[in-house]
Amino acid sequence: MSADTVRDRRPRVLFLTWRDRSHPEGGGSEMFVERLAQAMSDAGWEATVLCATYPGGARDKQLGSVRLVRRGGRYSVYLRAAMHVLRRRDRYDAIVDVQNGVPFWTPLLTSAPVIVLVHHVHKEQWPVVFGPARARLGWWLESRVAPVVYRGSRYVTVSEATRSELAGLGVDPAQVQVIYAGNDLPGELDVGGGEGGHEQPSVVILGRLVPHKRVEFAIDTLASLRERFPTLTLDVVGSGYWQDALRAHARRLGVAGAVRFRGYVGDATKHRLLAAASVNLMPSLKEGWGLVVVEAAAQGTPTVAFRAAGGTAESVVHGETGLLADDPAQFTEHVALLLGDPGLRDRMGAAARRRARQFTWAATGEKFRVVVESAGSPAPAGASGPPAVPATASDARRPS
């Protein structure tokens with residue numbers, strides 16, 4: 001392809017990801033990718049997202065101005081992605097390789113600039129999701145092979161915690177840009193609740209229903225606190241293959257009637273449930289950032305999470321916008337403290353709401369565009385040069 005031909009068309013970016021947001025197992029990381037793709041399109045790029053298909057999912061779809069291509073299944077999507085890239089070697093000016101434990105190995109397939117998007121390192125998750133043999137293989141590929149294959153690529157991640165973990169795998173920190181996830185503007189999705197609006201104590205957990213999200217801990221917390229708070233309820237928002245096991249767990253503890261499985265819900269219902277809750281629970285084993293922490297914060301709802309999960313130590317400002325626990329007993333104690341002290345809960349909710357306003361998808365998308373274009377990709381015709389962007393977004397960690 002000649003240089004004149006490249007100048008005469010919009011630059012093209014391809015996102016390779018395991019799932020899209022509408023996939024039954026889609027979650028916050030898929031929303032992040034969707035928003036980045038739309039931001040690139042808004043900035044003048046032609047954006048395509050290639051991911052796995054699922055029953056009922058259209059093979060080709062438009063998401064606004066972004067083209068969505070679904071090919072292959074849970075594992076075969078990696079082969080289909082490789083075929084797509086190899087057949088279109090000169091089509092894309094940049095490729096975003098979303099590494100959810102297993103990368104797409106795009107530096108071996110193309111000479112185009114590759115940006116690696118890593119939400120978190122999966123060391124703890126491999127044994128939970130797979131058997132011992134596959135877990136060892138997966139972790140070897142992620143921790144040993146991938147850093148070598150991608151050593152010439154730029155990395156993007158969503159927290160300082162993940163950047164530190166990548167450094168432990170041999171990835172040069174100077175090659176890693178931290179870009180925090182954005183948030184829908186509170187004024188556009190404000191549905192009440194939050195500061196002082198709770199007549200009945202309730203807690204909520206939102207996410208995929210899979211083992212490493214540890215929804216069982218939320219049910220355990222409910223069971224432990226029912227004697228002190230007899231009307232306490234738990235809303236479980238999300239879907240996944242682990243739902244039957246969770247229902248059985250609630251029955252064993254005698255709290256099935258207090259646990260409301262909401263399933264997958266739309267954005268308006270999601271934000272309404274987050275706003276109505278007294279406390280948002282995040283007992284996940286690992287989180288790159290914890291998008292729902294800021295979504296709950298936008299509605300004035302503080303979060304209790306585990307410090308060791310990684311990114312939660314950045315999305316939750318301990319003692320200010322929520323509380324971080326070091327073990328399950330302390331997790332339950334923190335929830336009890338917020339439920340039993342409405343004044344404290346409301347102060348944290350107000351601080352959380354103020355902090356949530358600092359995270360916008362517009363800023364997230366702009367910082368990502370700078371990374372893509374500074375990786376050697378052409379800017380759209382007429383576009384302004386990339387502004388200076390700090391290496392991290394640590395200046396947004398605390399309310400101003």
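1. The bridge partner of V118 in strand 7 is T157; strands, like helices, are DSSP runs numbered from the N terminus (strands E, at least two residues; helices H or I, at least four). The model is a predicted one, in which local features need pLDDT of at least 70 and side-chain atom pairs count only at pLDDT 80 or more, while totals for chains, interfaces and linings use all residues. Residues are numbered from 1 along each chain as its sequence is written, and side-chain values use heavy atoms, with hydrogens and water left out.

2. Strand 6 (residues 114–118) pairs with strand 7 (residues 154–157) in the parallel sense over four bridges. Strand 5 (residues 94–98) is also paired with strand 6 in the parallel sense, over four bridges, and V96 stands opposite I115 there. Two strands count as paired if DSSP finds at least two bridges between them.

3. Five of the five residues of strand 6 are buried, where buried means under 20% relative accessible area, exposed over 50%, and partly exposed in between (1.4 Å probe, protein chains only). V114, V116 and V118 point one way from the strand, whereas I115 and L117 point the other way.

4. The largest nonpolar core has 37 residues, and those with the most contacts inside it are V13, F15, L117 and F368. Helix 2 (residues 28–42) gives the largest share of this core, six residues. A nonpolar core is here a set of buried Ala, Val, Leu, Ile, Met, Phe, Trp, Tyr and Cys residues joined through side-chain atoms within 4.5 Å. Leaving aside neighbours within four places in sequence, F368 is in contact (heavy atoms within 4.5 Å) with F15, L36, M40, V96, I115, V156 and I179. A second, separate core of 31 residues includes V203, L234, A325 and A336.

5. An open sheet of six strands runs in the order 11-10-9-12-13-14, with parallel pairing. Strand 11 (259–263) and strand 14 (322–325) are at its edges with a single partner strand each, so one side of each has no neighbour in the sheet. From one strand to the next the twist averages 20 degrees. Strand 13 (residues 303–306) and strand 14 are joined by four bridges in the parallel sense, and A325 in strand 14 is the bridge partner of F306.

6. Helix 8 (residues 215–225) packs on this sheet, touching strands 9 (202–206), 10 (233–237), 11, 12 (279–282) and 13; its direction makes about 165 degrees with that of strand 10. Helix 10 (residues 267–276) lies across strands 9, 10, 11 and 12 and runs at about 140 degrees to strand 9. Axes are lines fitted to C-alpha atoms, for helices over the stretch in contact, and angles run from 0 to 180 degrees between N-to-C directions.

7. The axes of helix 8 and helix 9 (residues 243–252) come within 10 Å and cross at roughly 20 degrees. The two helices are therefore roughly parallel to each other, a term for angles under 35 degrees. At this contact, V215, E216, I219 and D220 in helix 8 meet L246, H249 and A250 in helix 9.

8. T312 lies in helix 12 (residues 312–315). T312 counts as buried because its relative accessibility is 0%. Not counting residues up to four places away in sequence, T312 touches M282, E287, W289, A305, F306, R307 and L324.

Terms used
Angles under 35 degrees count as roughly parallel, over 145 as roughly antiparallel, 65 to 115 as roughly perpendicular and the rest as oblique.
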